[in-house]
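Visitor: Could you take me slowly through the main nonpolar core and the parts that surround it?

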Amino acid sequence: MRVLGIDPGVATTGYAILEETSALKLQPVTFGCIRSNPEAPLPARLETIYGELKQIVASCQPEAVAVEELFFNKNSRTALLVSQARGVVLLLAAHAGLPVCEYTPLQVKQAVSGYGRAPKQQVQKMVQLLLHLDAVPRPDDVADALAVAVCHLHSYRYLRVAEQ
């Protein structure tokens, strides 16, 4: 199973392609972040995100897209911008015919660290350890995308076992 994990944002969108190579091994295929020009109008920024993700999907051929559910905090302007980037991700998945799986921040933290209220640094360190990376992925958006992909592969594995 190969999954595209996404941490959407207008300024930076983290992405990660992970592959389950065996029952207990997850292998990063590629990961990074897409940065849009902060001086460009919003539609152009969203088009940048869409275009780069489309290339990633075409070259890496994921079987599903995993994205974190939107968490509304105090800043509603940020939430609106993130939701627009998230809409681009959902549209991309629909155009590519890929199923979308959504996870709450609590589910992601639970799947990666074993504790749903783990601090961000603990989750990032666990991503590094689980994927045998030399360092914690930077920026945070990349680590978050990897965590969402890990969460999906762990959840998917559980659902496959439960169906048998």
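Guide: Of the 24 residues in the largest nonpolar core, the ones that touch the most other members are Val3, Leu18, Val108, Val112, Leu131 and Leu146; such a core is a set of buried Ala, Val, Leu, Ile, Met, Phe, Trp, Tyr and Cys residues joined through side-chain atoms within 4.5 Å, and buried means under 20% relative accessible area, exposed over 50%, and partly exposed in between (1.4 Å probe, protein chains only). At least two residues of this core come from each of strand 2 (12-22), strand 4 (64-68), helix 3 (105-113), helix 4 and helix 5 (140-163), where helices (H or I, at least four residues) and strands (E, at least two) are DSSP runs, numbered from the N terminus. Helix 5 supplies the largest share, 9 residues.

This is a predicted model, in which local features need pLDDT of at least 70 and side-chain atom pairs count only at pLDDT 80 or more, while totals for chains, interfaces and linings use all residues. Residues are numbered from 1 along each chain as its sequence is written, and side-chain values use heavy atoms, with hydrogens and water left out.

Leaving aside residues up to four places away in sequence, Leu131 touches Leu18, Leu26, Pro28, Leu146 and Val150, contact being heavy atoms within 4.5 Å. In helix 4 (residues 120-130), Val123, Gln124, Val127 and Gln128 are buried, and they lie on the same side of helix 4 because they cover an arc of only 140° around the axis, taken from the directions from the helix axis to the C-beta atoms. Just after helix 4, His132 takes a positive phi of about 55°.
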